[in-house]
Amino acid sequence: MKNLALAALCLIVASLFAVSCASSSGATSTTQDISKSSVKGNWVVTDIQFEGIPANSKVTVFDEASYNCFKGSNWVLPSNGKGSYTLSATSDGCTTATQPIMWSLYKNGGSSMFQFKKLSDGVKAKNVTDGYRVELSSNDGNTMVWRAPVTFEGNSAYIIYTLQKTR
């Protein structure tokens with residue numbers, strides 16, 4: 001009888017363990033569901049916010065220009081990964097520029113990352129060693145949010161990009 005009770009107790013504990021593991025794996029964040037097909041398309045950066053960086057700070061993003069120059073930038077992300085982004089001229093001193101990129105998604109633990117390399121004329125993506133990676137915080141197919149970790153004055157901070165799909 002003791003063996004039967006012990007076996008029943010073990011079965012209950014094993015069942016509870018299995019249920020707890022199943023529910024934690026079922027409670028995934030939305031970033032795990034992001035696929036290349038939901039990212040491809042044409043996007044415009046509609047907003048850039050800071051976490052851990054004062055609002056009036058001068059911040060250069062993607063080693064290119066002030067974050068203000070990226071507001072309104074157009075990102076072309078075709079399924080073949082050979083895309084581009086275009087900055088527009090503004091009264092703030094931004095100049096028009098189009099940068100070819102090679103983009104892809106990268107899984108980092110439970111997070112999806114958007115990554116890209118800037119391409120120069122005549123240089124293949126496989127020969128470019130530097131690139132950029134931002135966390136894909138969310139993407140519902142029409143709005144995408146990137147969260148880019150940066151160091152600001154020796155502290156961890158984030159630049160949050162909000163993009164809207166244009167087509």
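Visitor: Where does valine 128 lie?

Guide: In this predicted model, valine 128 lies in the loop between E7 and strand E8 (132-139).

Visitor: Why is valine 128 called buried?

Guide: The relative accessibility of valine 128 is 15%, and buried means under 20%, so valine 128 counts as buried.

Visitor: Which residues is valine 128 in contact with, leaving aside its neighbours within four places in sequence?

Guide: Valine 128 is in contact with Lys117, Lys118, Leu119 and Val123; for one of these, lysine 117, which is eleven residues apart from valine 128 along the chain, the C-alpha atoms of the pair are separated by 7.0 Å.

Visitor: What makes the pair of glutamate 64 and lysine 118 a salt bridge?

Guide: The closest N and O atoms of glutamate 64 and lysine 118 are 3.1 Å apart, and because the rule asks for a nitrogen of Lys or Arg within 4 Å of a carboxyl oxygen of Asp or Glu, the pair counts as a salt bridge.

Visitor: Why does this pair tie together parts that are 54 residues apart in sequence?

Guide: Glutamate 64 lies in the loop between strand E2 (60-61) and strand E3 (65-66), whereas lysine 118 lies in strand E7 (residues 111-118).

Visitor: Are glutamate 64 and lysine 118 buried or partly exposed?

Guide: Lysine 118, at 18%, falls under the 20% limit and is therefore buried, whereas glutamate 64, at 29%, is partly exposed, because that class spans the values between 20% and 50%.

Visitor: How many salt bridges does the count come to?

Guide: The count comes to two salt bridges, among them that of arginine 147 and glutamate 51, at 2.8 Å, N to O.

Note on methods: Residues are numbered from 1 along each chain as its sequence is written. This is a predicted model: local features need pLDDT of at least 70, side-chain atom pairs count only at pLDDT 80 or more; totals for chains, interfaces and linings use all residues. Side-chain values use heavy atoms; hydrogens and water are left out. A salt bridge is a side-chain nitrogen of Lys or Arg within 4 Å of a carboxyl oxygen of Asp or Glu. Helices (H or I, at least four residues) and strands (E, at least two) are DSSP runs, numbered from the N terminus. Buried means under 20% relative accessible area, exposed over 50%, partly exposed in between (1.4 Å probe, protein chains only). Contact means heavy atoms within 4.5 Å.
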